Amino acid sequence: MKIAVLPGDGIGREIVAQALRVLQRLELPLEFEQAPVGGAGYEAAGDPLPAATLALAKAADAILFGAVGDPRYDALERAKRPEQAILGLRKALGLFANLRPAQVHEELTQASALRPEIVGGLDILIVRELTGDIYFGEPKGIRRTDTGEREGFDTMRYRESEIRRIARVAFEAARKRKRKLCSVDKANVLETSQLWREVVAAEAKTYPDIALQHMYVDNCAMQLVREPKQFDVIVTGNLFGDILSDEASMLTGSIGMLPSASLDASGKGLYEPIHGSAPDIAGRDVANPLATILSAAMMLRYSLGHPDAAERIERAVGRALREGYRTADIYTAGARKVGTQEMGEAVAARL
Ligand code: NAD
């Protein structure tokens with residue numbers, strides 16, 4: 001099985017190296033090929049998503065992605081900015097379903113900003129649509145109005161077929177969990193959301209075993225901090241999902257703990273931590289590699305057909321945490337503070 005390895009920028013290289021260390025220790029027939037992406041892609045080929053990198057990603061069975069983004073490239077025109085690489089990969093590979101689990105490891109309950117009784121044992125899955133919505137809707141731009149004032153505009157759009165396919169992913173995911181699905185929209189204000197709600201409700205008829213609930217996004221944002229354990233699976237559009245999944249990540253204590261999968265219709269996927277390239281801590285061996293290591297586990301489960309190996313990695317992460325290993329972002333007094341490499345080695349040694 002061939003894995004395209006795209007470390008990207010900032011801490012991307014450091015955390016992906018640790019995920020590779022763990023994967024290589026499994027002794028599975030995995031082949032790795034690296035290529036530059038993001039700022040690194042721009043440096044190598046004048047393009048955040050070089051043609052050769054895209055070709056490698058297309059040919060591979062799965063993609064392990066670090067993070068992209070570097071303030072050095074912030075002044076470039078939009079098409080050349082590192083973050084365009086991730087949008088381009090999602091679009092080119094048809095990665096429409098983003099799965100973001102937010103679990104609170106028992107050992108890290110204290111790291112959450114919320115009280116232990118609110119987050120202890122939390123296990124939710126956010127299914128975010130990834131290739132539509134206001135991020136991709138046309139027309140968009142900045143224009144002059146009649147009065148000469150500048151006006152920015154974007155277009156929120158969803159087709160029935162796009163809503164239906166993400167709803168199916170979410171219903172199927174709920175079926176493997178607690179059979180509860182909450183669809184999040186803003187149907188009291190947005191036409192797009194009214195259609196979203198209608199299509200999800202129609203799809204629910206095919207899944208009579210799943211308890212479906214609809215919730216407005218503002219309420220959901222509030223409920224996620226008030227009583228997050230009421231949720232099992234949440235399905236929502238690209239914009240709302242972007243925000244809610246980051247909010248959910250903070251329930252767990254650190255953005256450095258959360259993996260994600262972006263899947264196409266056939267189950268091929270791109271696996272990456274939910275955080276960015278963290279330029280503020282890059283190159284200092286302090287970044288938490290666990291989100292990337294757990295992303296590699298998701299890759300084994302969803303794209304490579306090795307659920308046992310995925311569990312081995314997840315158990316090894318749990319063991320390292322139980323034995324007190326902590327990177328700076330999840331450190332609490334009395335624990336054993338380690339850097340990126342030592343955390344990677346701690347997990348690899350516990351497989
Ligand atoms: P970020 O996620 O990179 O960082 C936010 C904060 O979390 C920072 O303080 C950072 O130090 C910390 N952090 C992030 N990952 C961590 C880890 N593994 N261990 C410990 N601490 C960690 O978000 P940002 O600062 O808003 O963005 C930085 C760059 O990343 C920007 O260029 C942005 O566009 C890009 N970005 C990329 C992706 C992606 O590649 N998918 C996602 C989000 C942001």
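Colleague: Which residues line the largest cavity?

Modeller: The general idea is that rolling a probe the size of a water molecule over the atoms shows where empty space is left. In this predicted model, the largest cavity is lined by Asp133, Met156, Tyr158, Val184, Asp185, Thr192, Ser193, Trp196, Gly237 and Phe240, and about 80 Å³ of space lies in that cavity.

Colleague: Which elements each supply at least two residues of that lining, and which gives the most?

Modeller: Strand E8 (180-185) and helix H7 (191-204) each supply at least two residues of the lining of the largest cavity, and of the elements H7 gives the most, with 3 residues. By class, the lining of the largest cavity divides into 5 nonpolar, 3 polar and 2 charged residues.

Colleague: How many cavities of 30 Å³ or more does a search of the whole structure find?

Modeller: The search finds 2 cavities of 30 Å³ or more, and the second largest cavity holds about 50 Å³ of space. The second largest cavity is lined by Arg100, Pro101, Ala102, Ile126, Ser245, Ala248, Ser249, Leu258, Pro259 and Ile274. Strand E4 (97-103) and helix H9 (238-251) are the elements that give two or more residues to the lining of the second largest cavity, and that lining has 7 nonpolar, 2 polar and 1 charged residues.

Colleague: Turning to the largest pocket, what is its volume, and which residues lie nearest its centre?

Modeller: A pocket is an open set of points, whereas a cavity is one from which the probe cannot get out. The largest pocket here has a volume of about 800 Å³, and of the 28 residues that line the largest pocket, Pro101, Leu125, Met298, Arg301 and Tyr302 lie nearest its centre. The elements that each supply at least two residues of the lining of the largest pocket are E4, H6, strand E11 (259-263), helix H10 (290-302) and helix H11 (307-322), and the largest share, 5 residues, comes from H11. In the lining of the largest pocket there are 15 nonpolar, 4 polar and 9 charged residues.

Colleague: Which atoms of the protein lie 2.7 Å, 2.8 Å and 3.2 Å from atoms of the ligand?

Modeller: A polar backbone atom of Gly276 is 2.7 Å from an oxygen atom of the ligand, while a polar side-chain atom of Glu272 lies 3.2 Å from a nitrogen atom of the ligand. A backbone N or O atom of Ala278 lies 2.8 Å from an oxygen atom of the ligand. As for surface, the ligand taken alone exposes 810 Å², and the protein buries 67% of that.

Colleague: How many salt bridges does the structure hold, and which side chains meet in one at 2.8 Å?

Modeller: In general, side chains of opposite charge can pair when their charged atoms come close. The structure holds 25 salt bridges, and in one of them the side chains of Arg168 and Glu203 meet at 2.8 Å, N to O. Because Arg168 lies in helix H6 (residues 160-175) and Glu203 in helix H7, this pair ties together parts that are 35 residues apart in sequence.

Definitions and conventions: Residues are numbered from 1 along each chain as its sequence is written. This is a predicted model: local features need pLDDT of at least 70, side-chain atom pairs count only at pLDDT 80 or more; totals for chains, interfaces and linings use all residues. Side-chain values use heavy atoms; hydrogens and water are left out. A polar contact is a pair of N or O atoms within 3.5 Å; within protein, one must be able to donate a hydrogen and the other to accept it, and residues adjacent in sequence count only if both atoms are side-chain atoms. Accessible areas come from the Shrake-Rupley method with a 1.4 Å probe; for residues, only the protein chains shown count as cover. On a 1 Å grid over the protein atoms alone, a cavity is a set of points where a 1.4 Å probe fits but cannot get out, and a pocket is an open set with protein on both sides within 12 Å along at least five of seven lines; lining residues have an atom within 4 Å of a point. Grid points are joined across faces, edges and corners, and a volume is the space filled by probe spheres set on the points. Helices (H or I, at least four residues) and strands (E, at least two) are DSSP runs, numbered from the N terminus. Ala, Val, Leu, Ile, Met, Phe, Trp, Tyr, Cys and Pro count as nonpolar, Asp, Glu, Lys and Arg as charged, and the others, Gly among them, as polar. A salt bridge is a side-chain nitrogen of Lys or Arg within 4 Å of a carboxyl oxygen of Asp or Glu.
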